[in-house]
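Here is a friendly briefing to keep beside the viewer. Please have the sequence and the structure open as you read.

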Amino acid sequence: MMQDTPLIVQSDKTLLLDVHHPRSEECRADLVRFCELIKSPEHMHTYTLSAISLWNAAASGIKLETILDRLTYWSKFPIAESVYFYVKDMASRWGKVRLTESDDPRYYRLEVDSERIKSELSQRRALSKLLVLKDSRTFLLETYARGEVKLQLIKIGYPVDDRIRLSAGPHVPLALRKQTRSGKDFVVRPYQKMSADALLGDLGPGCGFGTIVLPCGSGKTVVGMEIMQRLATRTLVVTTNVAAVHQWMQEILDKTDLTEEQVGEYTGERKDPREITVCTYQVLTYRPDKEGPFPHLDLLTKGNWGLIIYDEVHMLPAPVFKITAELQAVYRVGLTATLVREDGREDEVFSLVGPKRFDVPWNELQQQGFIAEAYCHEIRIDLPKELEIPYALGTKREKYRMASENPLKLEVVKELVNRHPDDFILIIGQYLDQLKHIADAFKLPIITGSTPNAKREELYRAFRDGSTRILVVSKVANFAIDLPDASVAIQVSGTFGSRSEEAQRLGRILRPKNRSSFFYSVVTRYSNEEEFAANRQKFLAEQGYSYEIEVWNN
Amino acid sequence: MEQLNEQAQESFKTLISRYSEDNYFFLVRNYLGLVSTPFHKPQLTGRLCTFFCQKHIQENMLAMLDEMDLVILSLIQVTGSVRAEDVTRLLKSRWSYGTLLRRVSNLQQRMVLLNNNGYLVCNPLIEEQLSECTSLTPLFGEHAHACRNSPYCSTEFLRSFLSLIRKEGKIAFREEYQRHFPTFAPEPLEQLFNALGKALLSLCVLEGEKHVQINDQKASALLTLNDRQLLCLLLCHQLGLENMAFAFDLLAILGIIGSLDTNSLKLLIGSLAVKHHLESAPSLLSELSTWGVISLDEVWHVSALDTDHPHSGLLVDSDQTISYEGTCLPDDMLYRIAEIEVLDHQKRYRVTKESFVLALDSGLTFNEIEHYLHTNSRASSATTLLKQLSLLHERYRRIAIYDALILSCDERTANLLTNLPSLKEHVLSSLSPTIFLMRRDTEELWRQILVDSGQLLGSTKRHEHIEVKRPVENPLFTQMLENARTCAEPSLPPLVGSKPSAFLDKRLLEAIQTAKLTDEQRSDLEHRYHARMILTKEQIVAQVLNTVLEAGGFDYQGKVSLCRQASGKTNIALELQLTDQELVVQALEVAYTPQKEALLKAAVMPTMEVKIIPVSKIFLVRLVRIHLA
């Protein structure tokens, strides 16, 4: 029997939402409480019933009966028994393993519900070495092992009901301004507030940590500041590069009542920790030699932080992973637009920083005008004749490089720049020689990894204030750089098939403005660059962006 | 209706007049009373017919039906005309052989069933009413429930299977296929995959050993079937049956019952084997389970065959997936141009470079693909995809690789090759006015045509011998396909019928008890009353029909006499109660030992094993009229 509802519940526990159905928004509002958004292309959005999403739902007090009732109500077709079973099984696991404080401040107590779980935990080597059996249903663990134990338990399918309150950290009062220092009206958008609500909950056990996924340009920094305001505590923000550090600091000073004395920077250039400190992942993971210790990781562990914000959390490097596992008593939030890692370690981000608490389809924010409407084009050009034979003889890597650095791309860039005489344009690429060549040919400023930070700041500023209209940038500008007026991005080359890079680059032009944005990806036709380009576009395609293909006639 | 009645009466008269005199008069005397001499047999038959045409008589007959009667009658509704042995064999798990034999005989004496040359048929005068009483529940439906939405080998499954085979070139199951078919449990999926691969290879829908290819013509033909037809074809192919009506009936009844236990399933298969004159009932449980028609969960649950779920139209999303709900039209080509991602309520395919190239290689043109996507997708959702495909197609067209023979000739031969239709079809391409690429697989043919047209041909200059693969054919394929398409929907009893009342009119018994009769006549009538052969007071007349004779205990002579009476008569059986068992036998002869002890030589039914039984060992002998013919 078929109902006229917008949802199809598949047997593999994915939920397909027909976004054109008149009741799709109503349905979505129910789904986000216990499902995870996987992709949101133009017509059919995919959610999934994952263990984590069900545990999160259980943790936030949603009853199993409510989940089953909502699924049944919205599903167009009868739901498979296996799905019911999975939901019941997963939801029932919540609360069977509880983490509480013990009399001894050096230890936590891990209580289990049954003998069977106890023996299962005792038999797992990875767990047994961290746990000491106290009595028939209770283990003790050292406080530093809290994150690792939770990680291992999630791996074997037992979510931990963590009833230990996060430590508040030293009080740092701060408030968001209604008018920014630069004089503009400022208000936190509804979805930004909802993100903070979703993360902090009632500030009780199980709340206060997690990941927030929002599109590029939608104001994740503001979400971070909203959380800072609510917790009013000593905060560390970790971000991707020095320019982003400065951007965070500027934003904080611009939109909060904090003073310059309260906001400090901890980077390779300057180490000045204050009540609110912004640092880079690089400085935390820096070490003078490969075998030696990480001298700056202490900032993370011994800084007495009440809140840690991991900006672009999908970039979290491995050593920070490890330390994050030990920082379970601290309020923490991961911010990202693209929770995809080419190394497939998204799950670890979830278990260490915290599960995804909020996600919103890109096209929804686009429709509401919170991010710019963007049109993506893939422009295909031929390889010059003289490169055809070398290309045919090259290795896969050489082929990709030859195709990426195709000299004919220069002509395309020229034409595209002419097409947009009034736009602010970023020309983004992977290979420095190619970028330098473009910069030289058009006499344009260029920012690469070797550009000193001061120079970078100067060029970014010039771009922001309009004195420079076109900027050539390498991958250093992929993340966390806010260039509000940029409306055109021309990608001349990229890091192979990186999906997040493509999305982040598009993100550079998504700040809402009074014009549409255009993203051009210039690709060599009939080369392996085409295949890598197709892979790069996957994430955006899943967010509802489609690429118009143009074939360039040389 | 009147015509139908006349036909039924004629049929009744014909069947009755074929009965032996003994049986005929037994029935006539029971229902019409005393028969005085001289008589006119056709007139008697006419009177008997008129007797049974009376509405109140028919109502009485029907009112007396009990549960066992309905089981037997329902079985006959399923099987059609059937031998008594088949009834006793099929229902042996429910009642003993003797009980069944007596009841079948009783139904004939009650004229509910008639004998047609050894086969039991319903009395044509009450056939319609009987069919209203019968149903599937008493036979198979103890556990009946609605069919389950379980996965099975549907045409949609076949499409996705073919899509996978086209991509992989192999039929061996791999674990990662599980993600494409989330509705299936791993083990049944593997079984289905292997069985389907094997069947399609055997039907030549798949060809090749190391690299399996799809014969698209045959695959398309197969996909014109609906789910039920496809399952019938696969079942029959597996069983080596050409007659698909058996499988059609089976699936139709299973679809009505929904779920049943193993015994009922075996009974159903056995009944249909009888109906369709199969030599033996095939052991179909594992086959039905392999194709997903049934699945075991305490009892067997039948999958709901989803034949009329409408197609929703293709939804081409921005992530290049193509999805739809429902069932494709027979000529749908999506499985040829895209790779399956998920087969569930929503079926999702993805067009990849490889799948698109394979589609073009298999003979589809870009125009066909373009037209298909344009006309079947919702709104303009396919525009971006089509743009990408057109670019791929342009690349595809740039190079063509032929497996061909090069024919270099003079202008005259070239003229023939260009203009002679019979030769032209063997030319793959013309490289220059006098150089042609010729088909390798038809080399013998075009050589012959050239020779016939007066050319002198040398041997082909080859470096090595290349064996040309000839297309393999399974002659059964076309026939089975046609049978599957043309099989008519069977007419079947409903799942639930009316409840039996097994009503006995006590007024008749009172009438017997108060009638002016001898003890023997009264006893005979009472016996016939309890055997439900007395339908009206007019039958209560002073006569003895000896419907049952029995002797037991110390009546040694009585027992011997009954044994002798039954000897050699095929329509009479003896029920024997021995000290430790009961037997139903056909008496062959009675012999004596030198000590004058009587020995019964008898064939034990139903195996007809011959035994010699001393009459002294028999506690009770009962004579039963088994065949009324």
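A:Pro384 counts as partly exposed because it has 14 C-beta neighbours inside 10 Å; on this scale a residue is buried with 20 or more other C-beta atoms within 10 Å of its own, exposed with 12 or fewer, and partly exposed in between, the C-beta atoms being placed from the backbone. This is a predicted model, in which local features need pLDDT of at least 70 and side-chain atom pairs count only at pLDDT 80 or more, while totals for chains, interfaces and linings use all residues. Residues are numbered from 1 along each chain as its sequence is written, and chains are lettered from A and ligands numbered from 1 in the order in which they are written.

**Around A:Pro384**

- A:Pro384 sits in the loop that runs between strand S17 (374-381) and helix H16 (385-393) of chain A; helices (H or I, at least four residues) and strands (E, at least two) are DSSP runs, numbered from the N terminus.
- Apart from its neighbours within four places in sequence, A:Pro384 is in contact with A:Pro407 and A:Leu408, where contact means that the C-beta atoms of two residues, placed from the backbone, lie within 7 Å.
- A:Leu166 is 218 residues from A:Pro384 along the chain, and their C-alpha atoms are 61 Å apart.

**Domains and a helix pair in chain A**

- Chain A is assigned domain 1 (7-93), domain 2 (97-162), domain 3 (190-358) and domain 4 (367-551), with bounds that come from an automatic or database domain assignment.
- Taken over C-alpha atoms, the centres of domain 1 and domain 2 of chain A are separated by 30 Å.
- Helix H17 (residues 396-404) and helix H22 (residues 528-536) of chain A have axes that come within 8 Å and cross at roughly 85°; axes are lines fitted to C-alpha atoms, for helices over the stretch in contact, and angles run from 0 to 180 degrees between N-to-C directions.
- H17(A) and H22(A) are therefore roughly perpendicular to each other, given that angles under 35 degrees count as roughly parallel, over 145 as roughly antiparallel, 65 to 115 as roughly perpendicular and the rest as oblique.
- H17(A) brings A:Lys396, A:Lys399, A:Tyr400, A:Ala403 and A:Ser404 to this contact, and H22(A) brings A:Asn528, A:Glu529 and A:Phe532.
- The residues of the contact of H17(A) with H22(A) divide into three nonpolar, two polar and three charged; Ala, Val, Leu, Ile, Met, Phe, Trp, Tyr, Cys and Pro count as nonpolar, Asp, Glu, Lys and Arg as charged, and the others, Gly among them, as polar.

**Where the chains meet**

- 22 residues of chain A are in contact with 19 residues of chain B.
- On the chain A side, helix H23 (538-542) and strand S23 (547-551) are the elements that give two or more residues, and S23(A) has the largest share, with three residues.
- That side of chain A divides into twelve nonpolar, five polar and five charged residues.

**Chain B**

- Chain B has 27 helices and 21 strands.
- Chain B is more spread out than a compact globule, because its radius of gyration of 36 Å is well over the 25 Å that the globule rule gives for 629 residues; the radius is taken over C-alpha atoms, and the rule is 2.2 Å times the number of residues to the power 0.38.
- The C-alpha trace of chain B spans about 115 × 60 × 50 Å along its principal axes.
- Of the 629 residues of chain B, 36% count as buried.
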